[in-house]
Amino acid sequence: MRRPFTYLFRQNDNDTLAPIRPVNINGIVFGPGVSFGPGVVFGGVNLFDFGQNDIEADEINGVWIIRGFYRNP
C-alpha cells in the first residue's frame, strides 16, 4: 500500500525523525518514542534519504512493514 512518508514519520523541531506508528524495516522494529538524526541506519536504510518520497508498506498486526520507497518527482 502506497503511503506518504509523513503517514509513518514526522520531522521534529530539532531536525530529527520519529515514527508515528510502529514500523519494521528489514527486520528492525521501532515505534513512537524513538527519534534519530541524519546518518542513523535502520535495517540498512537511512530514512533521511527518503523524506520526500512515498513509502510502500503493509500493515500486519499494527506494525507497518516497509517494503520500499518511491522516488517522487
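Is aspartate 54 buried or exposed? Hold on to that one for a moment, everyone, and I'll come back to it. A word of caution before we look: this is a predicted model.

Let's start with the sheet. Five strands make an open sheet, and reading across it the order is β1-β6-β7-β4-β5, with mixed pairing. At the edges we have β1, residues 2-4, and β5, residues 28-30; each has a single partner strand, so one side of each is left without a neighbour in the sheet. From one strand to the next, the twist averages 40°. As a reminder for anyone new to this, strands of a sheet pair through backbone hydrogen bonds, either parallel or antiparallel.

We can see both kinds here. Take β6 and β7 to begin with: they run antiparallel, and 6 bridges join them. In that pairing, isoleucine 60 stands opposite valine 63 in β7. The hairpin of β6 and β7 has 2 residues between the strands, and asparagine 61 there takes a positive phi near 55°.

Valine 23 has tryptophan 64 as its bridge partner in β7, while asparagine 24 stands opposite isoleucine 65.

On to the charged residues. Side chains of opposite charge can pair when their charged atoms come close. How many salt bridges does the structure hold? There are 2.

One of them brings us back to my opening question. Arginine 2 and aspartate 54 meet through their side chains in a salt bridge, at 2.8 Å from N to O. Arginine 2 sits in strand β1 and aspartate 54 in strand β6, so this pair ties together parts that are 52 residues apart in sequence. And here is the answer: aspartate 54 is buried, because its relative accessible area is 18%, which is under the 20% cut-off. Arginine 2, at 44% relative accessibility, counts as partly exposed.

The other salt bridge joins the side chains of arginine 67 and aspartate 58, at 2.9 Å from N to O. Aspartate 58 counts as partly exposed, with 29% relative accessibility.

Let me finish with glutamate 59, which is found in strand β6, residues 54-60. Glutamate 59 counts as partly exposed, at 49% relative accessibility.

Notes:
Residues are numbered from 1 along each chain as its sequence is written. This is a predicted model: local features need pLDDT of at least 70, side-chain atom pairs count only at pLDDT 80 or more; totals for chains, interfaces and linings use all residues. Side-chain values use heavy atoms; hydrogens and water are left out. Two strands pair if DSSP finds at least two bridges between them. Helices (H or I, at least four residues) and strands (E, at least two) are DSSP runs, numbered from the N terminus. Axes are lines fitted to C-alpha atoms, for helices over the stretch in contact, and angles run from 0 to 180 degrees between N-to-C directions. Buried means under 20% relative accessible area, exposed over 50%, partly exposed in between (1.4 Å probe, protein chains only). A salt bridge is a side-chain nitrogen of Lys or Arg within 4 Å of a carboxyl oxygen of Asp or Glu.
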